[in-house]
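The report below goes through a two-chain structure one topic at a time. Please keep the sequence and the coordinates at hand while reading.

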Amino acid sequence: MEDERSFLDICGGPLTLRRRYYSSYCREFGLSSARLSLRSVTAVTCTVWLVAYGLFTLFENSMILSSAIFITILGLLGYLHFVKIDQETLLIIDSLGIQMTSSYASGKESTTFIEMDKVKDVIVNEAIYMQKVIYYLCILLKDPVKPHEISQVVPVFQSTKPRLDCLIEVYRSCQEILARQKATSASP
Amino acid sequence: MVENSLTPLPERAIYGFVLFLSSQFGFRLFLVWAFVPESWLNSLGLTFWPQKYWAVALPVYLLIAVLMGYTTMLKNQEQKNHQEDAIPALRDIPISEVNKMFFLEAKELYTQNCV
């Protein structure tokens with residue numbers, strides 16, 4: 001079962017939440033943000049080249065122009081490969097663990113997996129982010145040796161930064177699975 | 001301080017050393033001011049000091065204040081142990097329960113409270 005809804009992120013940009021219910025104990029949430037727009041690319045390129053042309057007329061050195069071209073190309077490639085995250089996915093499997101995937105615009109994907117033994121809870125927490133207070137979803141980790149202490153806090157959806165309505169949906173689904181998992185683990 | 005552990009960190013060493021230096025400097029300045037005669041200090045050009053009376057008065061004031069503090073605190077402590085139905089100490093509600101209350105159970109309650 002799959003459905004898609006559109007939400008907003010904290011800056012007002014459009015987001016798409018794609019939910020997949022593979023079964024009653026395995027769910028996946030994919031948040032895709034807007035792709036890199038042609039407008040912003042052309043704006044940045046034109047600014048960089050205008051500045052380079054201004055420096056060229058000042059210094060009469062043609063290396064400035066060629067270095068501006070290189071900087072633009074390398075900067076765009078680096079941005080697409082290291083910075084611009086197109087989609088973030090959260091896959092939660094009861095009794096196995098939680099997996100977070102970030103796919104960059106150049107196709108690179110980075111994955112993090114957390115075992116279910118280490119997961120204490122998934123909560124929606126508030127944070128002060130520059131001049132705003134935002135909500136973010138985070139996973140509380142516990143040390144299996146000391147199950148009543150929180151050892152680490154792992155925030156998810158860090159680049160797409162959805163708003164509270166989207167986070168509540170993901171939170172409710174995760175809590176259903178975690179409640180089932182706690183019930184099955186409490187009654188051996 | 002977030003942790004109350006006794007680990008020797010470099011920052012703590014620096015704090016300790018700064019405290020040591022400043023306390024030594026303050027103490028020696030106090031001794032100089034208390035013992036060196038006014039005429040010598042004036043000849044050096046340092047004229048704007050408080051009266052030497054305070055070199056004796058301030059320590060006496062502090063000692064009496066500490067003793068009075070001890071007596072009043074101990075008297076208050078005796079009285080405080082007798083209150084059993086007082087307001088309990090502050091506690092933090094765990095974030096999981098706060099989340100469950102807000103987002104899982106009563107969605108209508110939350111929106112009503114907002115309006």
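From the N terminus on, the elements of chain B follow the order α-α-α-α-α, which amounts to five helices and zero strands. The model is a predicted one, and every value in this report should be read with that in mind. Of the 115 residues in chain B, 6% count as buried.

One residue of chain B that can be followed in some detail is B:F30, which lies in helix α1 (residues 10-35) of that chain. B:F30 has a relative accessible area of 31% and is therefore classed as partly exposed, given that the partly exposed class lies between the buried limit of 20% and the exposed limit of 50%. Once its neighbours within four places in sequence are set aside, B:F30 is in contact with B:A55 and B:P59. The pair B:F30 and B:A55 is separated by 25 residues in sequence, while the distance from C-alpha to C-alpha is 7.8 Å.

## Chain A: architecture

Chain A has three helices and nine strands, and along the sequence these elements are arranged in the pattern β-β-β-α-α-β-β-β-β-β-β-α. Buried residues account for 36% of the 188 residues in chain A. Among the contacts in chain A between residues at least 6 apart in sequence, 45% join residues that are at least 24 apart.

## Packing of α1 and α2 in chain A

Two packed helices are described by the angle between their axes and the distance between the axes. In chain A, helix α1 (residues 38-59) and helix α2 (residues 63-83) have axes that come within 9 Å and cross at roughly 160°. Because this angle is over 145 degrees, α1(A) is roughly antiparallel to α2(A), and the crossing of the two helices is right-handed.

On the side of α1(A), the contact involves A:V41, A:T45, A:V48, A:W49, A:A52, A:Y53, A:L55, A:F56 and A:F59, and these meet A:I64, A:L65, A:A68, A:I69, A:T72 and A:L76 of α2(A). Sorted by class, the contact of α1(A) with α2(A) has 13 nonpolar and two polar residues, with no charged residues.

Helix α3 (residues 164-186) of chain A packs with helix α4 (residues 95-105) of chain B at an angle of about 110°, the axes being 11 Å apart. Because this angle falls in the range of 65 to 115 degrees, α3(A) is roughly perpendicular to α4(B). The crossing in which α3(A) passes α4(B) is left-handed.

The residues that make this contact are A:L164, A:I168, A:Y171, A:R172 and A:Q175 in α3(A), together with B:S96, B:N99, B:K100, B:F103 and B:L104 in α4(B). By class, the contact of α3(A) with α4(B) has five nonpolar, three polar and two charged residues.

## Individual residues of chain A

Which non-glycine residues have a positive phi? A:M130 is one of them, with a phi of about 55°, and A:F157 is another, also with a phi of about 55°. A:M130 is found in the loop between β7 (119-129) and β8 (132-142) of chain A, whereas A:F157 is placed in the loop between β9 (150-155) and α3 of that chain. With a relative accessible area of 70%, A:M130 is exposed, while A:F157, at 6% relative accessibility, counts as buried.

Is A:D86 buried or exposed? A:D86, which lies in strand β4 (residues 85-93) of chain A, has a relative accessible area of 13% and so is buried, the limit for that class being under 20%. Apart from its neighbours within four places in sequence, A:D86 is in contact with A:L31, A:S32, A:S33, A:A34, A:R35, A:S103, A:Y104 and A:A105.

## Cysteines

How many disulfides are there over all chains? With a disulfide taken as a pair of cysteine sulfur atoms within 2.5 Å, the count over all chains comes to zero.

Note on methods:
Residues are numbered from 1 along each chain as its sequence is written. Chains are lettered from A and ligands numbered from 1 in the order in which they are written. This is a predicted model: local features need pLDDT of at least 70, side-chain atom pairs count only at pLDDT 80 or more; totals for chains, interfaces and linings use all residues. Side-chain values use heavy atoms; hydrogens and water are left out. Axes are lines fitted to C-alpha atoms, for helices over the stretch in contact, and angles run from 0 to 180 degrees between N-to-C directions. Helices (H or I, at least four residues) and strands (E, at least two) are DSSP runs, numbered from the N terminus. Angles under 35 degrees count as roughly parallel, over 145 as roughly antiparallel, 65 to 115 as roughly perpendicular and the rest as oblique. A crossing is left-handed if the near helix is turned anticlockwise from the far one by less than a right angle, and right-handed if clockwise. Contact means heavy atoms within 4.5 Å. Ala, Val, Leu, Ile, Met, Phe, Trp, Tyr, Cys and Pro count as nonpolar, Asp, Glu, Lys and Arg as charged, and the others, Gly among them, as polar. Buried means under 20% relative accessible area, exposed over 50%, partly exposed in between (1.4 Å probe, protein chains only).
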